[in-house]
Amino acid sequence: MNKVVLVTGANSGIGLVLCERLLSQDTEGLQLCLACRNMRRAQAARSALLVSHPAAQVALLQVDTSSVSSVIAAAQEVKLRYNRLDYLYLNAGIMPNPQFDVKAFFKGLFSSRIVAMFATGEGILTQKDCVTPDDLQEVFATNLFGHFLLIRELEPVLCHAGRTSQLIWTSSSNAHRSAFNLEDMQHRGGTQPYSSSKYASDLLSLALNTHYNKQGLYSSVTCPGFVMTNLTYGILPSFPAVLWTLLMPVFWLIRMFTNTFTLTPYNGAEALLWLFKQKPESLDPQAKYHSLTSGLGNSYTRPRKMDIDVETSDALYEKLLQLERDVRKKLKERQKESQYSCRT
C-alpha cells in the first residue's frame, strides 16, 4: 500500500527539499500532499517535483495554519481524499518582523558566543507579533495551535487499529524554556514569540505521545540546525544580499568546529527524512532529533534530550484543548451571524 504523506509549509525551504528527498526514496510508493498557504507557490513547487519525478503522485492542499477556518476546511478536504494518513509533517512556521541588534551581532562575531548566536539567535533577535482575525497571536497560531487543531481534526485518518502513524514537528534550537510561560502560552506579553512557540511544540509533542500512543499515533520533534532559508534571510531584511555572501565563508569555517551548522535545506531536512525510515515505537518521546553536518559536509541525525517535563506538557495540552473549545464556539457564532445577515 502507498504511504500517504502530508507536509505543511512544503512550497519552499526545508519543506520542499524534504518532499524531493522523500520522492527520491520511493517515488511510486508515496502519495504526497503539499499543504501550503500560497497556492501559486505550491503549484510551482509541485511542477518542480514532477520534473524530477514524473511518475510521482503529488497533490496540493490549501491551508493557512494561522486561520482556524482554513485549518478546519483543509482537514475536511483531507478526510474526503484519503482514508488514512501515515505521516503528517508539521513544518509550516513564521518568525515575523524580527528586530535585529546590529551592535550585539558584530560584538558576538568576535566572542566565544558566536556559535550559539548563529545557531539560536539568542541575544540578537526579538520579534513583534500581531493578532489574527481569530484573536490569536499570529506566531502561536501559525507555528503551534493551527497544527494542534489540524491533528485534532485529522484523528479519523491518523488513528487506526493495527497500524501506526507519525507526527513529525520541525522545531528549533531556539526553543528555550526561558521564553515560554504556561500562563501566557500565546506569548502576548513577551518579545520572543518564535522561541516560545517552538518550545511549546516540544512540550506538545510529548503530550501527544501520552494521549495518542495507544491509538497508534506517535509524535517526534526535529531540529534542522542553522540553515540558510527564506526564514533566515528574513532576519536581516535591511541588509544587502552581498552581506550573506560575505558571511558564508565564516559559516563554513564555523562548521569545522560545530556540527549544528547544516547551512543548506538539504542537510537541514536530514532528521525529517531519517524519522521517515524509523519505527515510531522505537523513538524517544523526550528527545529532539537533530540534523547535523560534519566539517566535511556529511549529514547525519542524532537525538538530544529536550528540556521538558511531563507535568508542563500535560498542562499545556489541557490549555490547548480549552482554547480549541473556545475558538470553535466563536467560529460557530460567527457562522450563525453570517447566515442571519444573508437572510436579512
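## A bridge between E7 and E8

Isoleucine 168 has serine 220, in strand E8, as its bridge partner. Strand E7 (residues 165-170) and strand E8 (residues 217-223) run in the parallel sense and are joined over 6 bridges. Two strands count as paired if DSSP finds at least two bridges between them; strands (E, at least two residues) and helices (H or I, at least four residues) are DSSP runs, numbered from the N terminus.

The model is a predicted one, in which local features need pLDDT of at least 70 and side-chain atom pairs count only at pLDDT 80 or more, while totals for chains, interfaces and linings use all residues. Residues are numbered from 1 along each chain as its sequence is written, and side-chain values use heavy atoms, with hydrogens and water left out.

## The sheet

An open sheet of mixed pairing is formed by 8 strands, in the order E3-E2-E1-E4-E7-E8-E9-E10. Strand E3 (57-62) and strand E10 (299-305) stand at the edges with a single partner strand each, so one side of each has no neighbour in the sheet. From one strand to the next, the twist averages 25°.

## Helices on the sheet

Helix H3 (residues 68-81) packs on the sheet and touches strand E1 (3-8), strand E2 (30-36) and E3; contact means heavy atoms within 4.5 Å. The direction of H3 makes about 150° with that of E3. Angles run from 0 to 180 degrees between N-to-C directions, and axes are lines fitted to C-alpha atoms, for helices over the stretch in contact.

Helix H8 (residues 193-212) also packs on the sheet, touching E7, E8 and strand E9 (287-293). The direction of H8 makes about 160° with that of E8.

## Helix H6 and its partners

The axes of helix H6 (residues 138-153) and H8 come within 8 Å and cross at roughly 15°. H6 and H8 are therefore roughly parallel to each other, a term for angles under 35 degrees. Residues of H6 in this contact include Val139, Leu144 and Phe148, and those of H8 include Tyr194, Leu204 and Tyr212. The contact of H6 with H8 comprises 10 nonpolar, 3 polar and 2 charged residues. Here Ala, Val, Leu, Ile, Met, Phe, Trp, Tyr, Cys and Pro count as nonpolar, Asp, Glu, Lys and Arg as charged, and the others, Gly among them, as polar.

H3 and H6 pack at an angle of about 35°, their axes 9 Å apart. Among the residues in contact are Val68, Ile72 and Lys79 of H3 and Phe145, Leu149 and Glu153 of H6. The residues of this contact divide into 7 nonpolar, 2 polar and 2 charged.

Technical notes: Parallel < 35°, antiparallel > 145°, perpendicular 65-115°, else oblique.
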